[in-house]
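Work through the exercises below with the model open. Each task comes with a stepwise solution.

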Amino acid sequence: MSSTSQKHKNFVAEPMADKPVTALAGIGDVLGQRLEEKGFDKAYVVLGQYLVLKKEEELFNDWLKDTCGANSKQQRDCSGCLKEWCDSFL
Amino acid sequence: MANLSEKTADELCALLDEYGVKHGPIVDSTRGLYEKKLREAMTKAKKSSPDKTYYREEEEEVVTYVTRTPVRTGPIGDSGAYMRSRPEWTEREYQNEASYSSHSRPTSDHRGRDYIDEPYTYSTPTSYKSYNLKSTPATYEDVKSPVAPLAPKSTGLVPPWFQVVFFLVVLVFLYIIFSSMESNEPMKGIE
């Protein structure tokens, strides 16, 4: 029924603590590397950015695309993952 | 266009609100994104304004043509259906209308471009019989002169030369009908 990946399910199942940015759904090794270079080395820093953008999916997707070159599927996966995590834990 | 990167966060905030861009606080990590969004909004706003002026110019053209018509003939009969075509046609049609009939339909209302209706509406004047038949020859020749200077105008729907030819054919045809209707005098025919 759900179209989310295993990575997504793992991430939203528990508080993110110190998980690396590559733990986020949609963020693999390449994108993770690029984000770390920009200073977003942990998942919670990306969460911070998501929150500062007022949890606006469109804005966050644009930001993600500009920062690490994520394509639309990767953007959707990442923002969806963060949104669900926020719904549960924020 | 002021340099966006030199503006303060508050100024950027105000600009974003002006362009209707949804945004959060402007911090180090979000500034670049908002500057980009502002630039996009500005170029979009710039693009739409030139179109408006173009459209306005087009409207003005139509207006100038129409205002000439009252000068030509006195009582401009209603040309409800006649009005629909391009400016150069409306002028000629007005003259024919004045000589043929006085429909009581509002002139300014029908501003559309219906070429389909033209052939049908032309059959109606014939029912009005002898309205101003004597004036027809005068107006008929009068009509021919404005045709030449106005012909070149075109909006691309129907070729202008075709319109001219078609219109003249219709005029000739109607003139023949009218002249044949005169029962008192022998048919003057086509001179």
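**Exercise 1.** How are helix 2 of chain A and helix 4 of chain A oriented to each other?

*Solution.* 
- Two packed helices are described by the angle between their axes and the distance between the axes.
- In this predicted model, helix 2 of chain A covers residues 29–37 and helix 4 of chain A covers residues 57–68. Helices (H or I, at least four residues) and strands (E, at least two) are DSSP runs, numbered from the N terminus.
- Their axes come within 9 Å and cross at roughly 85 degrees. Axes are lines fitted to C-alpha atoms, for helices over the stretch in contact, with angles from 0 to 180 degrees between N-to-C directions.
- Helix 2 of chain A and helix 4 of chain A are therefore roughly perpendicular (65 to 115 degrees; under 35 is roughly parallel, over 145 roughly antiparallel, the rest oblique).

**Exercise 2.** Which residues make this contact, and how do they divide by class?

*Solution.* 
- Helix 2 of chain A supplies Leu31(A), Arg34(A) and Leu35(A). Contact means heavy atoms within 4.5 Å.
- Helix 4 of chain A supplies Trp63(A), Thr67(A) and Cys68(A).
- By class, the contact has 4 nonpolar, 1 polar and 1 charged residues. Ala, Val, Leu, Ile, Met, Phe, Trp, Tyr, Cys and Pro count as nonpolar, Asp, Glu, Lys and Arg as charged, the others, Gly among them, as polar.

Conventions: residues are numbered from 1 along each chain as its sequence is written, and chains are lettered from A, ligands numbered from 1, in the order written. Local features need pLDDT of at least 70, side-chain atom pairs pLDDT 80 or more, while totals for chains, interfaces and linings use all residues; side-chain values use heavy atoms, without hydrogens and water.

**Exercise 3.** What does UniProt list for residues 160–178 of chain B?

*Solution.* 
- The unreviewed UniProt entry lists "transmembrane region". Such annotations may be inferred rather than shown by experiment.
- In the model, this span is 100% helix and 0% strand.
- Its end C-alpha atoms lie 27 Å apart.
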